[in-house]
Amino acid sequence: KYRSNYSRTRIKNKVGDTFMNRFSLKQIFSYGFHIVLAMNIFGIFLSCAQLHQQKSDVQPSNSSWQSNQIEKGNTSNFLIPPTSPIDNSLVQKDEFQQPLFQHIIAQTQKTQQAILLEFSTEWCGTCKKFKKEVLSNPKVQELFSIVLSIEYDAEKGEGAKVAEQFKIANYPTFVFLDPEGNEIDRYIGFLDIDNFLITAKNIFQEKNTLKDYLRQLQTRPQDITLHYEIGLRYGWKLDSENAMIFLGYVAKQDPQNQFGFTDKSLYQIGRVFSKTGKSEQAIDYLQRLITSFPQSSERASAYSLLAKTYDNSGREDLALKTYRSYLNENKTDPKAQNAFAWFCAGKKIDLDEALIVAQKAVESTNEKEPGIIDTLAEVLFAKNEIDAAVSTIEKAIALDPEDKYYYKQKTRFLAAKESNK
């Protein structure tokens with residue numbers, strides 16, 4: 001049988017014929033045996049190497065949502081500029097670790113649905129705006145019907161536990177997860193309908209995400225914009241170390257703010273330090289922003305955050321001074337007026353001045369902003385003018401009858417009035 005096959009081979013392939021003439025059958029089998037043995041040894045070596053890699057590196061998800069995910073682990077894969085001294089893992093696998101999530105993951109693993117977590121609070125005006133202007137849109141509802149969407153109050157019950165797990169510090173925050181529970185990316189703040197849909201689509205396709213920007217950094221290691229986008233996203237995750245590396249790079253490379261990211265970087269560094277309890281570092285960067293960039297669009301936010309940081313660190317006098325500076329620079333800005341009045345109401349200081357400022361804020365918004373009207377009600381309540389506080393909060397209720405927060409305010413005011421009798 002062998003010879004018959006060999007004869008056909010000779011006719012078809014002269015190269016094979018020459019080979020058979022040079023080597024005996026015994027030699028051929030001997031060489032073949034050694035080749036197979038070498039291949040097996042190489043296969044064992046390769047398997048051991050892969051096993052070692054699995055133990056030392058975080059493995060990418062095999063989910064369809066993560067099919068384009070870059071390999072995670074050793075940062076030697078990333079061409080970080082010399083001024084970004086980081087040698088530990090930049091990308092980590094984020095999973096649902098809490099038992100309360102197990103039933104959710106069990107469901108999404110079967111349905112292969114992605115997950116969208118929305119974190120808000122009862123008092124968050126931006127969250128209310130999102131629900132009213134964006135969430136009710138049919139296109140957004142269509143998106144929410146495809147993914148598993150879960151809304152949490154970040155200050156109550158289970159929502160508070162989940163918010164702590166994901167290090168949520170600003171509202172609204174949207175966290176996008178694959179069906180396995182791995183975080184793809186997140187976004188903080190308000191987006192209109194079109195931009196929200198574009199952002200959600202990009203994130204679920206892993207486009208313009210933290211991992212995507214880190215991937216791009218391999219070929220553009222000195223790109224200022226990439227450093228800002230990466231640092232911003234680390235800041236959203238309250239990763240102050242990595243946020244500082246990338247945002248600090250922006251501030252160092254562009255001290256004159258020619259690219260328009262240095263002032264934003266200073267604010268984001270200040271924000272993440274403030275949210276992680278590093279008050280002195282936060283104060284330093286926020287003051288640098290206010291002093292160095294008087295025309296910055298981040299200046300108002302920096303004033304507000306600086307005042308809150310002072311207050312949270314027990315320096316009420318400096319917090320009040322900062323709110324005054326903010327107000328003096330923005331005397332007709334209802335946001336500055338509202339921030340000053342709300343702080344005074346909460347501390348029960350300078351209430352006469354706060355009342356005048358709060359009334360100006362209501363007037364400048366044509367009595368159409370229930371949140372600002374609520375601040376006026378708080379000032380009146382702090383002054384123990386309870387009847388006026390009740391009538392004022394009723395105006396807020398009339399403007400936004402679906403918001404339960406204002407009803408609770410009225411109930412609180414009335415309860416105080418009853419206890420004073």
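This is a predicted model: local features need pLDDT of at least 70, side-chain atom pairs count only at pLDDT 80 or more; totals for chains, interfaces and linings use all residues.

A: An axis here is a line fitted to C-alpha atoms, for helices over the stretch in contact, and angles run from 0 to 180 degrees between N-to-C directions. Helix α6, residues 138–146, and helix α8, residues 193–204, pack with their axes 10 Å apart and at an angle of about 25°. Angles under 35 degrees count as roughly parallel, and α6 and α8 are therefore roughly parallel to each other. Their crossing is left-handed. On the side of α6 the contact is made by K139, V140, L143 and F144, while α8 contributes I193, F196, L197, A200 and F204. Sorted by class, this contact of α6 with α8 has eight nonpolar residues, no polar ones and one charged one.

The axes of helix α11, residues 240–253, and helix α12, residues 262–275, come within 9 Å and cross at roughly 160°. Angles over 145 degrees count as roughly antiparallel, so α11 is roughly antiparallel to α12. The crossing in which α11 passes α12 is left-handed. The residues that make this contact are S240, A243, M244, L247, G248, V250 and A251 from α11, together with T262, S265, L266, Q268, I269, V272 and F273 from α12. By class, the contact of α11 with α12 holds nine nonpolar and five polar residues, and no charged residues.

Helix α12 also has a contact with helix α13, residues 279–292, and here the axes lie 8 Å apart at an angle of about 160°. The two helices α12 and α13 are therefore roughly antiparallel to each other, and their crossing is left-handed. From α12 the contact takes in D263, L266, Y267, I269, G270, F273 and S274, and from α13 it takes in S279, Q281, A282, Y285, L286, R288 and L289. These residues divide into eight nonpolar, four polar and two charged. If you compare the lists, you can find L266, I269 and F273 of α12 in the contact with α11 and again in the contact with α13.

The secondary structure of the protein comes to 20 helices and four strands, and of its 421 residues 46% count as buried. Among the contacts with a separation of 6 or more, 59% are between residues 24 or more positions apart.

T375 lies in helix α18, residues 370–382, and its relative accessible area is 3%, so T375 is buried. Leaving aside residues up to four places away in sequence, T375 touches N338, A341 and W342. The span of helix α16 is 334–347, and C344, with a relative accessible area of 0%, is buried.

Another kind of link is covalent. The structure holds one disulfide, which joins C124 to C127 with an S to S distance of 2.3 Å. The link of C124 and C127 is right-handed, with 80° about the S-S bond. C124 counts as buried because its relative accessibility is 3%, and C127, at a relative accessible area of 1%, is buried as well.

Finally, some details of the backbone deserve attention in the loops. Most residues other than glycine have a negative phi, and most peptide bonds are trans. Against that background, a cis peptide bond joins Y171 and P172, with omega about -5°, and P172 is found in the loop between α7, residues 157–165, and β3, residues 173–177. D350 has a phi near 45°, a positive value in a residue other than glycine, and it sits in the loop between α16 and α17, the latter covering 351–364. With a relative accessible area of 35%, D350 is partly exposed. E367 is not a glycine either, and yet its phi is positive at about 55°. E367 is found in the loop between α17 and α18, where its relative accessible area of 47% makes it partly exposed.

Terms used
Residues are numbered from 1 along each chain as its sequence is written. Side-chain values use heavy atoms; hydrogens and water are left out. Angles under 35 degrees count as roughly parallel, over 145 as roughly antiparallel, 65 to 115 as roughly perpendicular and the rest as oblique. A crossing is left-handed if the near helix is turned anticlockwise from the far one by less than a right angle, and right-handed if clockwise. Contact means heavy atoms within 4.5 Å. Ala, Val, Leu, Ile, Met, Phe, Trp, Tyr, Cys and Pro count as nonpolar, Asp, Glu, Lys and Arg as charged, and the others, Gly among them, as polar. A disulfide is a pair of cysteine sulfur atoms within 2.5 Å. Buried means under 20% relative accessible area, exposed over 50%, partly exposed in between (1.4 Å probe, protein chains only).
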